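Let's take a walk through a protein together, one piece at a time. Keep the sequence and the 3D view open as you read.

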Amino acid sequence: MVYGLISDIHANLEALEAVLGELAGVKAFVCLGDIVGYGPDPGACVDRVRRLPKLTRIAGNHDLAAIGRYDLTWFNPHARAAIEWTAGRLSARQKKFLGAVEPVGEVAGAAIAHGSLVEPMAYIASVEEALLSFEAMTGVLCFVGHTHIAEHYRNRVGTRSCDQTALWDGGEVKVEPELRYLINPGAVGQPRDGNPKASFGVWDTKAGVVTVKRVEYDIGAVQEKMRREGLPEYLVERLARGR
Ligand code: ZN
């Protein structure tokens, strides 16, 4: 089976459509959470994700905050302003969809978590943080989102040996025996690894290969919509910086 891996769409419809264009023909999808928050098209992004074939998904902190299931005091002022704006633009049906899943799950033998396996809303941004999730892992693969940084960690089975590799310009991860992997396919809608292109992954279970890719989208069009809606300028500008 080949899965399209998408995470942290953040209501960026242009980025989502560009990614789905690259994934044309893929028949199964995994969404690692944060469909909404920050961006100008929350409802349209929820509807688009809902229509994906054979979809396995988990919830992100923004998804849960938008429906009142995650405390806004955890958010910085920009994120909070965007979430309050978002909450008023989702239909009851869209909110129900967002709230129908938890922030951790499983797909085809791989663990999936929005943040980390031990604490669903914690960031994995270091080898030490990755090791905590490796300890909680029973399988070989885990996919995470939340940091908006495309990268992967490898752990030698039965040891605390772990390395961290950037995938900021994409890259291929071949699953090798004796190693376990924690892979972040990066953010579709608000990359923070210095590359403003939309990030996503393809997981070929038979070949044992995960490929992370980047695709350009019309950032200016999204920024224009955000300004029209009065979303925070900081959030508008960071799309072009990819940080
Ligand atoms: Zn996010």
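Before we start, here is one term you'll need: a residue is called buried when its relative accessible area is under 20%, exposed when that value is over 50%, and partly exposed in between. Also keep in mind that this is a predicted model.

C142 has a relative accessibility of 0%, so it counts as buried. C45 is buried too, with a relative accessible area of 0%. Cysteines raise another point, as a disulfide is a covalent bond between the sulfur atoms of two cysteines. How many disulfides does a search of the whole structure find? The search turns up 0. For a pair to count, the two sulfur atoms have to be within 2.5 Å. The closest cysteine sulfur to that of C45 belongs to C31, and because the gap is 10 Å, it is too far for a bond. C142 isn't in a disulfide either: its nearest cysteine sulfur, the one in C162, is 12 Å away.

Which residues of α1 are buried? They are L13, A15, L16, A18, V19 and L20. The cover over these buried residues includes β1, β2, α2, β11 and β12.

D8 belongs to the loop between β1 and α1. Its phi is near 50 degrees, a positive value in a residue other than glycine. D8 is at 0% relative accessibility, so it counts as buried. Compare K54, which is found in the loop between α2 (42-50) and β3. K54 isn't a glycine, yet its phi is positive, at about 40 degrees. Is K54 buried or exposed? With a relative accessible area of 60%, K54 is exposed.

There is also a hairpin to find, made by β7 and β8 with 5 residues between them. Strand β7 (residues 151-156) and strand β8 (residues 162-166) pair in the antiparallel sense over 5 bridges. Across this pairing, R154 stands opposite D163 in β8. In the turn, look for G158, with its positive phi of about 80 degrees.

Q94 is in helix α5 (residues 92-98). At 9% relative accessibility, Q94 counts as buried. Setting aside neighbours within four places in sequence, Q94 is in contact with G43, V46, D47 and R89. E237, in helix α8 (residues 233-241), is at 37% relative accessibility, so it counts as partly exposed. With the sequence neighbours within four places left out again, E237 is in contact with Q223 and R227.

Let's finish with empty space. Rolling a probe the size of a water molecule over the atoms shows where empty space is left. The structure holds 1 cavity of 30 Å³ or more. About 40 Å³ of space lies in the largest cavity. Its lining includes H10, N12, Y38, V222, M226, L235 and L239. Which elements give two or more residues to that lining? They are α7 (219-228) and α8.

Key
Residues are numbered from 1 along each chain as its sequence is written. This is a predicted model: local features need pLDDT of at least 70, side-chain atom pairs count only at pLDDT 80 or more; totals for chains, interfaces and linings use all residues. Side-chain values use heavy atoms; hydrogens and water are left out. Buried means under 20% relative accessible area, exposed over 50%, partly exposed in between (1.4 Å probe, protein chains only). Helices (H or I, at least four residues) and strands (E, at least two) are DSSP runs, numbered from the N terminus. Contact means heavy atoms within 4.5 Å. On a 1 Å grid over the protein atoms alone, a cavity is a set of points where a 1.4 Å probe fits but cannot get out, and a pocket is an open set with protein on both sides within 12 Å along at least five of seven lines; lining residues have an atom within 4 Å of a point. Grid points are joined across faces, edges and corners, and a volume is the space filled by probe spheres set on the points. Two strands pair if DSSP finds at least two bridges between them.
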